[in-house]
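Please examine the sequence and the three-dimensional structure shown below.

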Amino acid sequence: MIRLKVNHKEVELAEGANLMQALLGMGYDIPHLCYYEGLEHHTSCMLCLVKDARTGALMPSCSVKAQPDMEVITDDEEIFEMRQAALDLLLSDHVGDCEAPCTKACPAHMNIPLMIRKLQEGKTDEALAVVMTDIALPGVLGRICSAPCEKICRRKDIDEPVSICLLKRYAADFGQYAPPFDPDPALQGKKLAVIGAGPAGLAVAYHARLRGLDCTIFEKAPLAGGQLRAIDEAILPKAVLDREIAFIKSTGVRFELGKAIDKAAFLHLRERFDAVVVAAGPMEEQMRDWGIETYQQGILANRSTYETNLPGVFAIGSVLKPMKMAIKSLGHGKEASYSAIQYLKGEKVKGEPGIFNSRFGRILPEEVQEFLKESTDHHRAEPIYGLAKGLEPEEVTEEAARCIHCDCRGIESCKLRIYADAYRADQKRFGGEDNRRAVKKVIENGPVLFEPAKCIKCGICVRLTAQHQEAFGMTFIGRGFDIEVGVPFNELLQKGLDEIAGEVVRACPTGALAFNAKSIKK
Ligand code: SF4
Ligand code: SF4
Ligand code: SF4
């Protein structure tokens, strides 16, 4: 055994122990991408850097043996910056979208490609579940949304955007959905008052209720719905609005209709409820009278958390500025539910959690065929019986098949994304989108999807397939900057990953190798 210090504490280790394995074994969080337990190691990602305090030298802990008298520091500002730089470098050559552009553009951040895959598989109920994770009024929005997602849909770089809004409407009109009531024990007995039953108020109550808050909406009008009720019946039938409000009510949200809130009532609400969300349309003067700070542009509220100057009072929707898009109000409602819950749990109020998102711009002409491998070349479907009727089932299948699935199929397990977030990586630091690698998709209708432009060349798949003596396996092809990973002799991916495809996909630290939930080729 040898003695050394780790973060100023004396430890004993077996002589010749691998430093990173020893540190991981001691419970230190040492980031790593190219190390895989049980495989012979080769250093490439440089994330596992630690410092020897005696010399100040940084070293990749994965390839260093513990030595007597070492004084290892596992984390400090310099180590953080070097790991961050290593990630920035990896990401500068990384071409992929973690979340699809449509999802990012949707103010409610709905997982659009997942909804589309569910519809394509004929799983309408599951498609609706995806929608209602983020959108409280799917049938309403399916009829009136101005669809910022479609304006950014990458399919328009090929022909026309996917008809996302009508697909969502189909899921809403024909899917069955039981909301996943997931009460947080820490919120038991906590009460939220919402002032206003328009889209923002309905949304905040819906999302907060599903997490277990006792929610009551106060509305001065005799019916809930706010401005949505003023929309022409031919565009938004009242039956659709009423059905979705009834659904929100069925989750346990209480409605007190015909109840205007004046100053006395507001003060009373603050006494009776643990938090209040004001979502009642423009009412700046009234709110000032209630003690809520304003400025020239209106109500003074944090634009990420919606907190006002009054503790536990949040302001959303048209209270902040006139909202032309109902989906923006719904997005505010969903985000504010996070803030209210954080506040009620005594946590730091941060609003909706976000995470690093790799992204690239437009599709290059030479990439069109690659993206069409997961899609069809049909043009956008126009509803045969007109917009008022929406899409027919065959049109849904055909339209859903047009999506080119911009989201990353490895998103759930990608370590690169997790570290990029933890180290606040900047994908543009070492170069932008000019001269980026072209996207290739190796699909072959098999269980695995390979996207070389997301590969960080860690070599895990190469070493793992060699260790398992795959007949072809994966290999490094080329040299220097142009080196790529692939199957030797241009063989099919399925031949390279014949025996241990599942293990290799799980071992890949990025979404370069991912399970192909959908092997579509029409
Ligand atoms: S591989 Fe990881 S970082 Fe890259 S796009 Fe996929 S999830 Fe994002
Ligand atoms: S093609 Fe599909 S995944 Fe890509 S932006 Fe459009 S709807 Fe979203
Ligand atoms: S494809 Fe292979 S080399 Fe590339 S990131 Fe995944 S495991 Fe590493």
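**A guided reading of the model**

The secondary structure of the protein comprises 19 helices and 16 strands, where helices (H or I, at least four residues) and strands (E, at least two) are DSSP runs numbered from the N terminus. This is a predicted model, in which local features need pLDDT of at least 70 and side-chain atom pairs count only at pLDDT 80 or more, while totals for chains, interfaces and linings use all residues. Residues are numbered from 1 along each chain as its sequence is written, and chains are lettered from A and ligands numbered from 1 in the order in which they are written.

Along its principal axes, the C-alpha trace spans about 75 × 60 × 40 Å. Of the 522 residues, 46% count as buried; a residue is buried if 20 or more other C-beta atoms lie within 10 Å of its own, exposed if 12 or fewer, and partly exposed in between, with C-beta atoms placed from the backbone. Among contacts between residues at least 6 apart in sequence, 70% join residues at least 24 apart, a contact being a pair whose C-beta atoms, placed from the backbone, lie within 7 Å.

The protein is divided into domain 1 (2-75), domain 2 (101-177 + 363-400), domain 3 (185-344) and domain 4 (415-515), with bounds that come from an automatic or database domain assignment. Taken over C-alpha atoms, the centres of domain 1 and domain 4 are separated by 26 Å. Ten residues from domain 1 and 13 residues from domain 4 take part in the contact between them.

The interior may be considered next. A nonpolar core is a set of buried Ala, Val, Leu, Ile, Met, Phe, Trp, Tyr and Cys residues joined through C-beta atoms within 7 Å. The largest such core has 99 residues, of which Met-115, Val-277 and Ile-316 touch the most other members. Helix H13 (residues 326-344) gives the most to this core, with nine residues, and at least three residues come from each of domain 2 (101-177 + 363-400) and domain 3 (185-344). Leaving aside neighbours within four places in sequence, Val-277 is in contact with Leu-192, Val-194, Val-204, Phe-314, Ile-316, Ala-336 and Ala-340. Apart from this core lies another, of 55 residues, among them Met-20, Cys-98, Val-442 and Leu-493.

Strand S1 (residues 2-6) and strand S2 (residues 9-13) pair in the antiparallel sense over five bridges; pairing requires that DSSP find at least two bridges. The two strands form a hairpin with two residues between them, and Asn-7 in the turn has a positive phi of about 50°. Leu-4 stands opposite Val-11 in S2. Strand S2 also holds Lys-9, which counts as exposed because it has 9 C-beta neighbours inside 10 Å.

Which residues come nearest to each ligand? Here a residue is near a molecule if its C-beta atom, placed from the backbone, lies within 6 Å of it. Around ligand 1 there are 14 residues, with Gly-96, Cys-98, Cys-408, Cys-414 and Gly-511 nearest. Ligand 2 is surrounded by 15 residues, the closest being Ala-100, Cys-102, Cys-153, Cys-403 and Cys-406; helix H3 (101-105) and helix H4 (112-120) are the elements that give two or more residues to its shell. Ligand 3 has 13 residues around it, and Cys-455, Cys-458, Cys-461, Cys-508 and Ala-512 come nearest.

Conventions: Contact = placed C-beta atoms within 7 Å.
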